[in-house]
Amino acid sequence: MLFNELGLSAEILRAVGEQGYDTPTPIQAQAIPHVLAGRDLEGLAQTGTGKTAAFVLPILHRLMSTALNPSQSKIAPRVLVLVPTRELAAQVLESVKVYGKHTGLKSLAVFGGVSIVPQVGALRRGIDILVATPGRLLDHMGNRNVDLGKIQTLVLDEADRMFDMGFINDIRKIIAKCPKDRQTLLFSATFAPEVRDLAHAVLRNPALVEVARRNAPAEMVSQSVIRCDQDKKKDLLLHLFEQHGWHQTLIFCRTKHGADALAKKLEQSGVKTAALHGNKTQGARTRALADFKSGRLAALVATDIAARGIDIDSLPRVVNFELPHVPEDYIHRIGRTGRAGSSGEALSFVSLDERIQLRDIERLLKRELDSSVMPGFEPQQTRPTPKVATPVRRSSPSRNGEKPRSSPAGRSHPPRAGHAPRSGGGKPAGATYHSGQRQR
Ligand code: AMP
């Protein structure tokens, strides 16, 4: 199928063509006809699948084809896109502007961390599409800067993240101010029970569009683990930067402090780096992202929340400097790479203390990850592998109802040819590969 078979207006097709896209991604091919027909939609899709254009394109088309009521208040937008983070708000707005550049429609993003004054001015001048994070939108609603009474289409993007970040009450307040007969589109990477409940409450007879297996990472991402002691991780990372000349590497830390410390160390060692986390000003975050996207920075060290929605074409690599505590965050993290058809690499540094997190992630993935050690960085802290497979001790309830697994004896994963820390295909030349000694 081609974009020009979807019934989108010439102005929109022109902008899509200018981006170099002629074929819709699966979520676009499935979702666009429903949205054009005015139906509600429940979309199970991660970032990286093309989901933004899946809702932006048909929304632009519908706005172009429905004339403005001349009596309509200027401060009443017709489309509201609610997103969990500032970065995602900025990126959705960018998509709206790119795809809508020949439509004459007006759009704006409102989010916290920046002055409210220019936002008020822009709202008063009148806009068609408002992209917003919940907190700042509620501020504007409280000050009567915006009226949601004329919303025709409401989009809830990354609904699972809205819950994770504690926005659900804000979301409910906002939805209550939108007209009941609106169209609603809800997107989520996972359909946790609370997301399902929200979908039942706000969607009317929705079309269901699902493009990824539940909790499945992008197919194009090769994932592997390097076992390493926690206190050697910085040196290991530097070694890999030096050895492979890495560029555009997104590195995840669990804490803001950890992200700052690592960014400092990399920068001091000559790797152009910035840290991205919630304590940075909006200006610093925007600058860091722009520098990283343009390739001026080789490394961006981020925390989970700050990295939500980072959208970089062909990001080659994600490094989990520390594993996340919540296994679903691993999926979100590695979803930054291997997007829209390009391949990517996700490398996790795992210390002995992180074996429980690794086990939970592997359960969620329903597979074991390739695991190796780097010569010179072999873990000093080791645990003997039990000769007889025994059930793994559980520290937390299983998230997906799977039974605890034991490591199958003698199982080995062939290393991926061209994988960065190993040279060449076949048995890795530089790394010791312990298929029978998995750290669990
Ligand atoms: P998203 O899932 O919306 O974050 O989009 C992921 C990436 O895919 C973005 O960089 C888009 O520019 C890109 N993209 C969106 N639609 C297409 C398409 N039809 N063909 C190729 N790339 C696309």
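**Strand β1.** I started with strand β1, residues 41-44. L41 and G43 point one way, E42 and L44 the other, and all are buried (under 20% relative accessible area with a 1.4 Å probe, protein chains only; exposed is over 50%, partly exposed in between). In a regular strand the side chains alternate between the two faces of the sheet. Strands here are DSSP E runs of at least two residues, helices H or I runs of at least four, numbered from the N terminus.

**Ground rules.** I note that this is a predicted model: local features need pLDDT of at least 70, side-chain atom pairs count only at pLDDT 80 or more, and totals for chains, interfaces and linings use all residues. Residues are numbered from 1 along each chain as its sequence is written, and side-chain values use heavy atoms, without hydrogens and water.

**Partners of β1.** I looked up pairing next (at least two DSSP bridges between two strands). β1 pairs in parallel with β6, residues 183-188, over four bridges. L41 sits opposite L185 there. Four bridges also join β1 to β7, residues 207-210, again in parallel. On that side, L41 faces A207.

**The sheet.** I read the strand order as β3-β4-β2-β5-β6-β1-β7, an open sheet of seven strands with parallel pairing. β3 (107-110) and β7 are at the edges with a single partner strand each, so one side of each lacks a neighbour in the sheet. Neighbouring strands are turned by 15° against each other on average, direction ignored. For angles, axes are lines fitted to C-alpha atoms, over the stretch in contact for helices, and values run from 0 to 180 degrees between N-to-C directions.

I found four bridges between β3 and β4 (residues 129-132), in the parallel sense. A109 stands opposite V131. Helix α4, residues 86-99, packs on the sheet and touches β2, β3 and β4 (contact: heavy atoms within 4.5 Å). Its direction makes about 175° with that of β3.

**Loop residue T85.** I placed T85 in the loop between β2 and α4. T85 is buried at 4% relative accessible area. A polar atom of its side chain lies 3.2 Å from the backbone nitrogen of L88.

**Helices α10 and α11.** I checked α10 (residues 233-244) against α11 (residues 256-268): the axes come within 11 Å and cross at roughly 45°. I list K234, D235, L237, L238 and F241 of α10 as meeting A261, L262, K265 and L266 of α11.

How values were computed. A polar contact is a pair of N or O atoms within 3.5 Å; within protein, one must be able to donate a hydrogen and the other to accept it, and residues adjacent in sequence count only if both atoms are side-chain atoms.
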